[in-house]
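Look at the sequence and the model together. The paragraphs below go through them part by part.

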Amino acid sequence: ECNSLTCCLFMYGELTDKKTIEKVKQTFDNYESNCFEVLLYKKNRTPVWFYMQIAPIRNEHDKVVLFLCTFKDITLFKQPIEDEATKGWTKFARLTRALTNSRSVLQQLTPMNKAEVVHKHSRLAEVLQLGSDILPQYKQEAPKTPPHIILHYCAFKTTWDWVILILTFYTAIMVPYNVSFKTKQNNIAWLVLDSVVDVIFLVDIVLNFHTTFVGPGGEVISDPKLIRMNYLKTWFVIDLLSCLPYDIINAFENVDEGISSLFSSLKVVRLLRLGRVARKLDHYLEYGAAVLVLLVCVFGLVAHWLACIWYSIGDYEVIDEITNTLKKDSWLCQLAESIGTPYRYNTTGSGQWEGGPSKDSLYITSLYFTMTSLTTIGFGNIAPTTDGEKIFSVAMMMVGCNLGPFLRSNGTSWGFGVWGQSH
């Protein structure tokens, strides 16, 4: 197959060295890298000398998927032109004259230097790329795509991916907080912000239907039908559920409490978008500083989620629904007594328990408890007392035991293990 391929791609002639032809064929057959000075022919049978470089390109399975062939026209070096005006000139003088008068030849002789300069300037763009399917450095030009199709590695898509990344982290922080603390979005500013986030996620769905992706063979897929089918089979359902306007529905005062709780719970589906973030950030693992920042972010995010769950358990158990009495041993009740904001019953005629610590104080205290538990410090000033709190604390300690060695194995023991020992 390779022999027929080389014969079709390169036009040999009677003056082409037979040994060089055989070496070229062997290079393709053996999937090797090699360089040659070879005489090839144009379609009009004009002979041209080329400095030819062959490099096999391998995929992630170490299989050769294509060959990169680079050609430099070195005809002037092999056969300097002699005309009436240059008779009697030395070979070097004729070569100098030919190079000076031909700008196209000069451009052909200096592509590698330009490529090196472009590569140096493109390192920042490569680092900023969020997609794990980044095109390799040997790609010389963008593939031709339909007008409405966006290349997944273009500058616009890179910037858009960073915007989606930031909004996803915002969602990962605010959704658990709003669900656990049961915040009604009565604040117009927050409602507008969350609505803007929903609209951006909706636009992201539209863009994903028009964005190329890398196929299993390493090729760029730009066919609109294949793009749509691939997106429908992968992330479409999750992305669609994550952009529904739950906050706007909950903002209405006449919404049934059960329906409001249901929509609040459905917002947790947005956290599944973090799976896409993890896939996009995997190529940053080769940078030590980036790994450290990512691990700190992961630790903080896990502590935040557990803090929201810890408060939800305490809020559920602080009031005995059967007797409608306050559980004095609950950590929320003890916190309220210690900071001077106790729970009081029916102080405004609502027939319910009221008062207690502010939401800011409750969140900070919950985060403080989860942080001390995950880092295995546990000062004991906040302790589980009810069965539900103890069960969750056991589960959180198991998470901390597994998370601690993982962080220390990635070079962050100075941030957690040493601090715990010092206390």
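In which helix does Val237 lie? Val237 belongs to helix H10, residues 236-242. Helices (H or I, at least four residues) and strands (E, at least two) are DSSP runs, numbered from the N terminus. The model is predicted, so local features need pLDDT of at least 70 and side-chain atom pairs count only at pLDDT 80 or more, while totals for chains, interfaces and linings use all residues. Residues are numbered from 1 along each chain as its sequence is written, and side-chain values use heavy atoms, with hydrogens and water left out.

Next come the strands. Strand S1 (residues 34-41) and strand S2 (residues 47-58) run antiparallel and are joined by eight bridges; two strands pair if DSSP finds at least two bridges between them. Across this pair, Leu39 stands opposite Trp49 in S2. S1 and S2 form a hairpin with five residues between them, and Arg45 in the turn has a positive phi of about 70 degrees.

S2 is also joined to strand S3 (residues 64-73), by nine bridges, and these two run antiparallel. Here Phe50 has Asp73 in S3 as its bridge partner. The hairpin of S2 and S3 has five residues between the strands, and there Asp62 takes a positive phi near 60 degrees.

Which residues does the lining of the second largest pocket have, by class? This lining has 11 nonpolar, seven polar and five charged residues. Ala, Val, Leu, Ile, Met, Phe, Trp, Tyr, Cys and Pro count as nonpolar, Asp, Glu, Lys and Arg as charged, and the others, Gly among them, as polar. A pocket is, on a 1 Å grid over the protein atoms alone, an open set of points where a 1.4 Å probe fits, with protein on both sides within 12 Å along at least five of seven lines; lining residues have an atom within 4 Å of a point.
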